[in-house]
Every structure is written in structure tokens, then in C-alpha cells.
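This report describes how two protein chains are arranged and how they meet. Please examine the sequence and the structure shown below before reading on.

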Protein chains: 2
Amino acid sequence: MSASGLTYFEDYAPGMTRDCGSVSVDQAEIISFARQFDPQPFHVDPVAAADGPFGGLIASGWHTAGLVMRLIVDNYVSPESSLGSVGLDELRWPNPVRPGDTLRVHVTVLEARRSQSKPDRGILRTLIQAENQDGEPVMRATSINFIRVRPAPGGEHGGEGE
Amino acid sequence: MSASGLTYFEDYAPGMTRDCGSVSVDQAEIISFARQFDPQPFHVDPVAAADGPFGGLIASGWHTAGLVMRLIVDNYVSPESSLGSVGLDELRWPNPVRPGDTLRVHVTVLEARRSQSKPDRGILRTLIQAENQDGEPVMRATSINFIRVRPAPGGEHGGEGE
């Protein structure tokens, strides 16, 4: 069982929410991430950013997504039963993330249904919400994930990879 | 002017496409990224991944997104005129990205309209498509970005940050 008490598809039900904890955002990490993946001035250059559209350095939305994902992997979709993600709908970054911010992540199960074509798994639709220390939303998305069903005692539903 | 010849909102028109070039995906980078942001076994552990649902190590979708973003920043939305992104719709990872893959990125302008509330900018909706060396799609999304309009000769439309 994972630390969250959530492991297999059967452990998830629509309406269930989870606090996935929080993470602090460091200026050096913002710059390092953005130099590699998203080198826009307001992500990599504090001086240019101060005169830029956000009045200061902000994290790449992809960096925010990575930080949020880490909390979700550690607290929601168990690595031992995850079968990956199709993608996300309506990914939004409604407010900037700035150095020193602390982000808190909540998830809510929107839908949980068995796969029709692959009996070893279920499909979860999950609302992801992250907010900063002032309660302002900084990321929102609906994630679509595959997750293993609980193996039968005889191991019949172990599927590939068990 | 940016390297792409695209700088301000006026340079973008619906239907326009751009080849944003390609990037190779390295196993060590896949593992390094995933250890930080997405430590699921099929992203961080080649041995466990070989017996896992994808029959081998695959990149985190967030890593793929970062690699794709870098090509877009370098070849499409000019850093000098970008005013950030609201987010993306229908982000999908239809096929896994594996070590040694080479991803090629194309973008297509779906919509370009002036902001009603903020005269210094336009709003671009852009279809992002990435495929691997075998022509298989590995990422698709619609991005929503703000971008500066071309400054008037007198600098009237410079807006904040100019």
C-alpha cells in the first residue's frame, strides 16, 4: 500500500479529495529549470523580469506542473499501480508563481471507471488544484490516468509488469 | 526580430505553420528529470521499466513537454514579445517517448485576435504537435498565449515592461 492509503483502482471513488501537501519554490531552481526548458526573460533573468510584464521573476508553468506532479506521485497515484497518463484537459496557470512561494496541492476524483478494452485497469479523471500561500490559484487541470485494478488472490488480474 | 522572423502579434496569422526543429532524448536526462518531478518506476528505473507496462523506460510527459517548449520558445513565440501563457487545452501524450528518440515539433496558428481589454497584446491559440523519428505522434496540445502587438513608432503601444 502506498503512503496515502491509495493503491489500486478500487481505492478511488468520485468525490474523494486528497491534500497532497506543499512545496516551496526557490529562485535558483526557477532559473535553472527555465534555462533548460523555457528561457523567456521573465523566467531566467531577474533584472529583465523586474521591468517585464509580471513585475518580477516567475516560474515557468512547466516547472510549476513538475512540482505539482511530484506531490501527486508521492501522495495520490501510487507508483506501484500507475499505468501512466493519457494527458490533461484545461491546464491553466491563473496566477504567477514567484520565488519563495509555497504551493499546496489538492486533488479530487471526478470519475473512476473500469476500462472496457483492458480488464487489468481503470481510468481516473482527477481535478488537480494548486494554490499559493495567499490562497490564490496558480494551477488547475483535469488529469486522465490509468491505474491497475487490485490483483485477484490467484494473481489472475496481475497483468503485464506484475 | 527573432530568429524565426516572428516577433510581434501582427506576424502571426491563422493557418500559418512552423517547423520548430528537433531534439534528441537522452536516457540519463529522462531519469534525472523524473527523479525530481515524476518518480514513477517506468520513468526512473530501467530494470523495473523493462518488466513494466511500457516494456522499457519512457520519459515523463512533463519532460517531453519541457523539451517541446524549448523548441517553441526558440522558434515560435519570441521571448522579446511573449507575455506568457494562460495554459493549454487537450494536452495528450499518445505514444511513449523512449531513450534515443528524436522528437520533431510543428506548430500551427489556430486563432490570432487582439485583446479587447488590453490593447498592448494579442491572443494566440496554437496547435502544438510533436512526433518521433518514426512519425508517431508523442504530444499534442492547444496552447493559449499572450503576445505584444508591434509598438507604434512613437512608442505609444509599448505598454508595461518596455
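Which residue is the bridge partner of Arg92(A) in strand 5 of chain A? The bridge partner is Arg140(A).

## Basis of the report

This is a predicted model, in which local features need pLDDT of at least 70 and side-chain atom pairs count only at pLDDT 80 or more, while totals for chains, interfaces and linings use all residues. Residues are numbered from 1 along each chain as its sequence is written, and chains are lettered from A and ligands numbered from 1 in the order in which they are written.

## Chain A in outline

Chain A has four helices and five strands. Here helices (H or I, at least four residues) and strands (E, at least two) are DSSP runs, numbered from the N terminus. Along the sequence, these elements follow the pattern β-α-α-α-α-β-β-β-β.

The C-alpha atoms of chain A fill a box of roughly 65 × 30 × 25 Å along the principal axes. Of its 162 residues, 43% count as buried. A residue is buried if 20 or more other C-beta atoms lie within 10 Å of its own, exposed if 12 or fewer, and partly exposed in between, with C-beta atoms placed from the backbone. Contacts were also counted in chain A between residues at least 6 apart in sequence, and 69% of these join residues at least 24 apart. Two residues are in contact if their C-beta atoms, placed from the backbone, lie within 7 Å.

Ten strands form an open sheet with antiparallel pairing, in the order 1(A)-3(A)-4(A)-5(A)-2(A)-2(B)-5(B)-4(B)-3(B)-1(B). Two strands pair if DSSP finds at least two bridges between them. The edges are strand 1 (17–24) of chain A and strand 1 (17–24) of chain B, each of which pairs on one side only. From one strand to the next, the twist averages 25°.

Within chain A, strand 2 is joined to strand 5 by six bridges, and the two run antiparallel. Strand 4 of chain A is likewise antiparallel to strand 5 of chain A, with eleven bridges between them; in strand 5, Pro137(A) is the bridge partner of Glu131(A). The hairpin of strands 4 and 5 of chain A has five residues between the strands, and Gly135(A) takes a positive phi near 80° there. In chain B, strand 4 (residues 121–131) and strand 5 (residues 137–148) pair in the antiparallel sense over eleven bridges. Gln129(B) has Arg140(B) as its bridge partner in strand 5 of chain B.

## Where the chains meet

The contact takes 30 residues from chain A and 30 residues from chain B. On the side of chain A that touches chain B, helix 4 (61–75) and strand 2 (82–92) each supply at least two residues. Strand 2 of chain A gives the most, with eleven residues. Four bridges join this strand to strand 2 (residues 82–92) of chain B, and the two run antiparallel. One bridge pairs Gly87(A) with Arg92(B).

Val86(A) lies in strand 2 of chain A. This residue counts as partly exposed, because it has 16 C-beta neighbours inside 10 Å. Apart from its neighbours within four places in sequence, Val86(A) is in contact with Ile144(A), Arg92(B) and Trp93(B). Val86(A) and Ile144(A) are 58 residues apart along the chain, yet their C-alpha atoms are separated by 5.7 Å.

The axes of helix 4 of chain A and helix 4 of chain B come within 10 Å and cross at roughly 170°. Axes are lines fitted to C-alpha atoms, for helices over the stretch in contact, and angles run from 0 to 180 degrees between N-to-C directions. The two helices are therefore roughly antiparallel, a term for angles over 145 degrees. Trp62(A), Ala65(A), Gly66(A) and Met69(A) meet Trp62(B), Ala65(B), Gly66(B) and Met69(B) in this contact.

A rotation of 180° with 0.0 Å of shift along its axis superposes chain A on chain B (RMSD 0.0 Å). The two copies are thus related as by a two-fold rotation axis. Copies are superposed by least squares on the C-alpha atoms of residues with pLDDT of at least 70 in both. In chain A, the C-alpha nearest the axis belongs to Asp89(A), 2.7 Å from it. The same surface serves both copies, as 100% of the contact residues of chain A recur in chain B.

Notes:
Parallel < 35°, antiparallel > 145°, perpendicular 65-115°, else oblique.
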